[in-house]
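I opened this entry to keep track of what I looked up, contact by contact. The notes follow the order in which I went through the side chains.

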Amino acid sequence: MTIVQENKFKQLLESENIRALGIFMISLGIFLSLWEIGANMELFSQGMPTASLTLKELWWWITNPFFNNGPNDMGIGWNLLTSLRRVAIGYTMASIIAVPLGILIGISKIAAKAFNPYVQLLKPVSPLAWLPLGLYLFRDSEKTGIFIILISSIWPTLVNTAFGVTNVNSDYLDVARTLGASRWRTIFKVIIPAALPNIISGLRISMGISWLVIVAAEMLLGTGLGYFIWSEWNNLYLPNIIVAIIIIGFVGLILDQIFIFLEKLVSFGKQ
């Protein structure tokens, strides 16, 4: 690509980004306006908070995130950190298991046939179905939350890793054999780099599932963003529930953007 073509491409991209931002801001304004009007005119369910009240509460919580007046009166920042800690531990453990096992399944037909029944049996199980079992086994909310994250997020990474390894271009493997590369060298220098885009995609999906599951599980675990939502529901104060939903979505967006960046790093120039 010449310098002129590159400059034109950058200008086009900047123009698209500006237009996309403009459409987003206009649609957001329309949505908030309809929400405000509908709530004031009681077009929704009785007690539905207005957009202005919800945004006011959101601003208060994000400017006072770390107060601590007891177990049931903590800033949303502490609950967020609790949820992120559980996700980080459970997700890391799941990744440590899923990536090597996925590579093994991808390079060995025997391993694929041996482990496939476990994958097909456990993958469809709802994450919340594991919650009672986890509470019974561990008798601890922290360990139970981590267990549910692990058992729920392991499958997308494992399946995507195995798929990526299985579908490595055969030409790469032929060249490695021609050059006399050992089995381990082929795995680490050829197979894993070629499968990285699929591995990162699996990790991205697993992170999304982890963040989705922990909030639901925490409604019964006593701390975290999920418990914050449940507590505000018991108080029948809907604005704080919506505030928590916005924060959950925003954090999920940030986590997803991190993996989008990683996918670009391992795309080898492909867009």
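I began with R85, which is partly exposed because its relative accessible area is 40%, a value between the 20% and 50% cut-offs. This is a predicted model, so I take every value here as computed from it.

I then looked up the partner of R85. E142 forms a salt bridge with R85, and the closest N and O atoms are 2.9 Å apart. E142 belongs to helix 6 (residues 141–166) and R85 to helix 3 (residues 76–107), so this pair ties together parts 57 residues apart in sequence. I also noted that a network of salt bridges links R85, R86, E142 and E218. A search of the whole structure gave me 5 salt bridges.

Next I went to R204. R204 forms a salt bridge with D256, with 2.7 Å between the closest N and O atoms. Since R204 lies in helix 8 (residues 183–217) and D256 in helix 10, the pair ties together parts that are 52 residues apart in sequence. R204 also forms a salt bridge with E263, where the closest N and O atoms are 3.1 Å apart. That pair too links distant parts of the chain, with R204 in helix 8 and E263 in helix 10, 59 residues apart.

I stayed on helix 10 (residues 238–265), where L265 has its place. L265 has 56% relative accessibility and therefore counts as exposed. I found L265 in a nonpolar surface patch of about 670 Å², made together with F250, L253, I254, I258, F261 and L262. On the spacing of such residues I noted a general point: an α-helix has 3.6 residues a turn, so residues three or four places apart point the same way.

I turned to the rings. My search of the whole structure found 10 aromatic pairs. W61 lies in helix 2 (residues 51–63) and F228 in helix 9 (residues 225–234), so the contact ties together parts 167 residues apart in sequence. Both W61 and F228 are buried. Ring pairs link W60, W61, F67 and F228 into a cluster. I also logged a charge over a ring: the charged end of R139 sits over the ring of Y136, 4.7 Å from its centre.

Last, I checked helix ends and loops. At the start of helix 7 (residues 170–178), a side-chain oxygen of N169 comes to within 2.8 Å of the backbone nitrogen of D171. G180 follows helix 7 and has a positive phi, near 80 degrees.

Which residues other than glycine did I note with a positive phi? E42 has a phi of about 55 degrees, and L236 has a phi near 55 degrees. E42 is in the loop between helix 1 (3–40) and helix 2, and its relative accessible area of 64% makes E42 exposed. L236 is in the loop between helix 9 and helix 10, and L236 is exposed at 63%.

Conventions: Residues are numbered from 1 along each chain as its sequence is written. This is a predicted model: local features need pLDDT of at least 70, side-chain atom pairs count only at pLDDT 80 or more; totals for chains, interfaces and linings use all residues. Side-chain values use heavy atoms; hydrogens and water are left out. Patches are made of residues with over 30% relative accessible area and no salt bridge: like charges are joined within 9 Å, nonpolar side chains (Val, Leu, Ile, Met, Phe, Trp, Tyr) within 5 Å. Accessible areas come from the Shrake-Rupley method with a 1.4 Å probe; for residues, only the protein chains shown count as cover. A salt bridge is a side-chain nitrogen of Lys or Arg within 4 Å of a carboxyl oxygen of Asp or Glu. Helices (H or I, at least four residues) and strands (E, at least two) are DSSP runs, numbered from the N terminus. Buried means under 20% relative accessible area, exposed over 50%, partly exposed in between (1.4 Å probe, protein chains only). Rings of Phe, Tyr and Trp (its six-membered ring) pair if their centres lie within 6.5 Å; planes under 30 degrees apart count as stacked, over 60 as edge-to-face and the rest as tilted. A charge sits over a ring if NZ of Lys or CZ of Arg is within 6 Å of the ring centre and within 35 degrees of the ring normal. A polar contact is a pair of N or O atoms within 3.5 Å; within protein, one must be able to donate a hydrogen and the other to accept it, and residues adjacent in sequence count only if both atoms are side-chain atoms.
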